[in-house]
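This report goes through the structure shown below, taking helix packing, sheets and domains in turn. The model is a predicted one.

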Amino acid sequence: MSDALKPCAVGAVTTAAAGNEPSKPHARTRRVMVGTVPVGGGAPVAVQSMLNAPADDVAANLAQIQALAEAGCEIVRMAIPRRACLDAFEAVCAASPLPVVADIHFDARIAIEAARRGAAKLRINPGNIGGLEATREVIAAARAAAIPIRIGVNAGSLDDALAARDDLTLPEKLVASATEYVRFFEDECDFRDIVVSAKAHDVQTTIDTYRLLASALPQVPLHIGVTEAGTAFQGIIKSACGLGVLLEEGIGDTMRISLTDDPVVEVRACWTLLGSLDLRRRAPELISCPTCGRCQVNLIGLAQEVEKRLANVQKPVKVAVMGCVVNGPGEAADADIGVACGAGSGVVFSHGKIVRKVPESDIVTALMEELETL
């Protein structure tokens, strides 16, 4: 059994066994490969982000990819807005430690060239790439390069005739559009290395759409996300609401939390969400109480400093920072390590058992020392 499928253990990216239940929709989708990353067919939900450095700046994009890889990103997407950016895209693909997806709108020739120049996957919307005939040429290029295509349909770019229909809800329109394209890819072009996304900025629309997609296209891996979710505070909340529901239902084979922020924040948010659902764990989980009148230390400052120190730790452990003995080793007994604070001091515990008492000024250092022993 690979580390990715073992129960949570220190030192490994983990995936809960429940995530591969045969009854879950994601276990029944077709497997496609994005570089070396499996997507679909019960594979762990893959974490994605998108580069936002200038598309013609090779060094800036590679630096961002390195930061994303260190944060746990598994697939990265790069926009190619102009044909003049193809040389830079090719150079990025050649040097990237992560598979690079080419994101193309409006120009089928860019998509065709991107397939030839090292893209691990293409992301297109057939509705704005030039129609089905132009899409047919893109499919041929992807087939020749042995790479998959993500069919992306968005609420803001539906076919005019479909968008004008009053007899369909927005989720039904999105699913109808995606289903039409999938039929074209599979039936007319005999191309099945596909992933589908159908995103909206509204949480309930996103949930309803993906539920319908999972039913209408059970064989197709789904990329899930709430698009244009906003800045970090709002965007993470909206994404956690929408994607959390879908992931718990087993819907979604790969995901992105889209934020108006540093892409690294997106990746950390993805892992935090997956860990909260016990689907995959890569980083520590911080457990901390909300403070009350019993607290006799600067708990907010302590918790924030612990969180900061844990940012670069890659152990799927639970670390508790509790304000008093009421919420100490008892309520956080499942934590791998933790501290219960008293009057200017704290008792450090491991798996519910007290290991030492330290002054408030030494709490963070003591916790990190205990973490190193795990």
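## Helices α4 and α6

In this predicted model, helix α4 (residues 131-145) and helix α6 (residues 170-188) have axes that come within 11 Å and cross at roughly 55 degrees. Because the angle is of that order, α4 is oblique to α6, and the crossing in which α4 passes α6 is right-handed.

On the α4 side, the contact is made by Leu132, Thr135, Arg136 and Ile139, and on the α6 side by Tyr181, Phe184, Phe185 and Glu188. Sorted by class, the residues of the contact of α4 with α6 comprise five nonpolar, one polar and two charged.

## Helices α6 and α7

Helix α6 also packs with helix α7 (residues 203-216), here at an angle of about 40 degrees and with the axes 9 Å apart. That angle makes α6 oblique to α7, and α6 passes α7 in a right-handed crossing.

The residues of α6 that take part are Leu170, Pro171, Glu172, Leu174, Val175, Ala178 and Thr179, and in α7 they meet Thr205, Asp208, Thr209, Leu212, Leu213 and Ala216. The contact of α6 with α7 divides by class into eight nonpolar, three polar and two charged residues.

## Helices α8 and α9

Helix α8 (residues 232-248) packs with helix α9 (residues 263-276) at an angle of about 40 degrees, and their axes are 11 Å apart. With that angle, α8 is oblique to α9, and α8 passes α9 in a right-handed crossing.

From α8, the contact draws on Ile236, Ser239, Ala240, Leu243, Gly244 and Leu247, while α9 contributes Val265, Ala269, Leu273 and Leu274. The contact of α8 with α9 has eight nonpolar and two polar residues, and no charged residues.

## The eight-stranded parallel sheet

Eight strands form an open sheet with parallel pairing, and their order across the sheet is β9-β8-β7-β6-β5-β4-β11-β10. The edges are held by β9 (194-199) and β10 (223-224), each of which has a single partner strand, so one side of each is left without a neighbour in the sheet.

Within this sheet, strand β7 (residues 121-124) and strand β8 (residues 149-154) pair in the parallel sense over three bridges, and the bridge partner of Leu122 in β8 is Ile149. Helix α9, described above for its packing with α8, lies across β4 (46-50) and β11 (254-255) and runs at about 160 degrees to β4.

## The five-stranded mixed sheet

A second open sheet is formed by five strands in the order β13-β14-β15-β16-β17, and its pairing is mixed. Here β13 (285-288) and β17 (353-359) stand at the edges with a single partner strand each, so one side of each is left without a neighbour in the sheet. From one strand to the next, the twist averages 20 degrees.

According to the domain assignment, the chain has domain 1 (25-277) and domain 2 (285-373). The C-alpha centres of domain 1 and domain 2 lie 39 Å apart.

Which residues does Glu70 touch, if those up to four places away in sequence are not counted? Glu70, which lies in helix α1 (residues 58-71), touches Arg282 and Gln314. Glu70 and Gln314 are separated by 244 residues in sequence, yet their C-alpha atoms are 9.6 Å apart in space.

Methods. Residues are numbered from 1 along each chain as its sequence is written. This is a predicted model: local features need pLDDT of at least 70, side-chain atom pairs count only at pLDDT 80 or more; totals for chains, interfaces and linings use all residues. Side-chain values use heavy atoms; hydrogens and water are left out. Axes are lines fitted to C-alpha atoms, for helices over the stretch in contact, and angles run from 0 to 180 degrees between N-to-C directions. Helices (H or I, at least four residues) and strands (E, at least two) are DSSP runs, numbered from the N terminus. Angles under 35 degrees count as roughly parallel, over 145 as roughly antiparallel, 65 to 115 as roughly perpendicular and the rest as oblique. A crossing is left-handed if the near helix is turned anticlockwise from the far one by less than a right angle, and right-handed if clockwise. Contact means heavy atoms within 4.5 Å. Ala, Val, Leu, Ile, Met, Phe, Trp, Tyr, Cys and Pro count as nonpolar, Asp, Glu, Lys and Arg as charged, and the others, Gly among them, as polar. Two strands pair if DSSP finds at least two bridges between them. Domain bounds come from an automatic or database domain assignment.
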